[in-house]
Amino acid sequence: MYIYIDGNYVPESEAKVSVFDHGLLYGDGIFEGIRVYDSNIFKCTEHVNRLFEAAKAIMLDIPLTKAEVEEVLVTTCNKNGLTKGYIRLIVTRGKGDLGLSPTKCPKPSVICIASDITLYPAEMYEKGMPIITAAQRRNKATIVDPQIKSLNYLNNILAKIEANQAGVPEALMLTHDGIVAECTGDNIFVIKNGVIYTPPIHVGILDGITRHAVIDIAKGLGYEVVEKEFTLYNVYNADECFLTGTAAEVIAVTSVDKRVIGDGVCGPITKQLLDEFHKITGSDGVSL
Ligand code: PMP
């Protein structure tokens, strides 16, 4: 496997970062997870734009232009003969000293890995999956904004540990005051009486690219999509519930905290959205 690191494409065994990199020492950096389908980097521009927005928010100067980053994505896939899979694009603050200050890190590091990902078992895409609500609350947007896709995912990992302990693949996270936010690596939608609801970004969630794609698809199909705050009560009593994410794609949730959602199967609107989503993944992006 060839990995891009700071201007070079090197074998995995040579792809190394310093132990003084603040990405490692402090989680000071950002990343993107990007999917490749049918030789197409799905929503490539959207991912690169989000990376640059996060970089701006944390005052990290990516040493490449957006066009150069896209070129790195394409070349990393091509060097690995990857026509379908998952790309991890990382920008760390770079090598500094043991102090916190980024001023000691003159050169950010850019890393790109083109590989694969399997988040949930295949049968769950047919049958849906159970989830739980984590006791761990989602980071507050006024403290560390979840819109920054940073290298510090401890907030999400703590919730994921709760899911693991409960024997389910994913955990729903609430805001500090109990509003439904998102899952550890996916956005959440519920459907009630034919209307599709999803939490607004301001509650403190990642502005998911799959979330946007699914909202556009749903609106295109004539569904009403409402971004509004709601609570667990609305999730438990939804007709359908599903999650969206680059790695997760679109996946039905069939129970939450042991409350069966709707008929306990992947519902008809979720199925329709999943099918329509798969129709655009091969074309909406940058081709290899
Ligand atoms: N929320 C969180 C916390 C995430 O990490 C992700 C990405 N894995 C998502 C939502 C989904 O975002 P996207 O559709 O852009 O992958």
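Biologist: A pocket is an open set of points on a 1 Å grid over the protein atoms alone, with protein on both sides within 12 Å along at least five of seven lines. So where does the ligand sit?

Modeller: The ligand sits in the largest pocket. To sit there, more than half of its atoms must lie within 2 Å of the pocket's grid points. This is a predicted model, where local features need pLDDT of at least 70, side-chain atom pairs count only at pLDDT 80 or more, and totals for chains, interfaces and linings use all residues. Residues are numbered from 1 along each chain as its sequence is written, and side-chain values use heavy atoms, without hydrogens or water.

Biologist: How far is an oxygen atom of the ligand from the side chain of R50?

Modeller: A ligand oxygen is 2.8 Å from an N or O atom in the R50 side chain. For K149, the distance from a ligand oxygen to a side-chain N or O atom is 3.4 Å. I209 has a polar backbone atom 2.7 Å from an oxygen of the ligand.

Biologist: How does the lining of the largest pocket split by class?

Modeller: Its lining has 13 nonpolar, 11 polar and 9 charged residues.

Biologist: New topic. What lines the second largest pocket?

Modeller: That pocket holds about 330 Å³ of space. It has 14 lining residues, with E46, R50, E53, D207 and I209 closest to its centre. The largest share, 6 residues, comes from α2. By class, the lining has 6 charged, 5 nonpolar and 3 polar residues.

Biologist: How many cavities of 30 Å³ or more does the structure hold?

Modeller: The structure holds 1. In a cavity, a 1.4 Å probe fits but cannot get out. The volume is about 80 Å³ for the largest cavity. Its lining includes R138, D145, K149 and Y153.

Conventions
Polar contact = N/O pair within 3.5 Å; in protein donor to acceptor, adjacent residues only side chain to side chain. 1 Å grid on protein atoms, 1.4 Å probe; cavity = no way out; pocket = protein on both sides within 12 Å on 5 of 7 lines; lining within 4 Å. Points joined across faces, edges and corners; volume = space filled by probe spheres on them. Nonpolar A, V, L, I, M, F, W, Y, C, P; charged D, E, K, R; others polar. Helix = DSSP H or I, 4+ residues; strand = E, 2+ residues; numbered from the N terminus.
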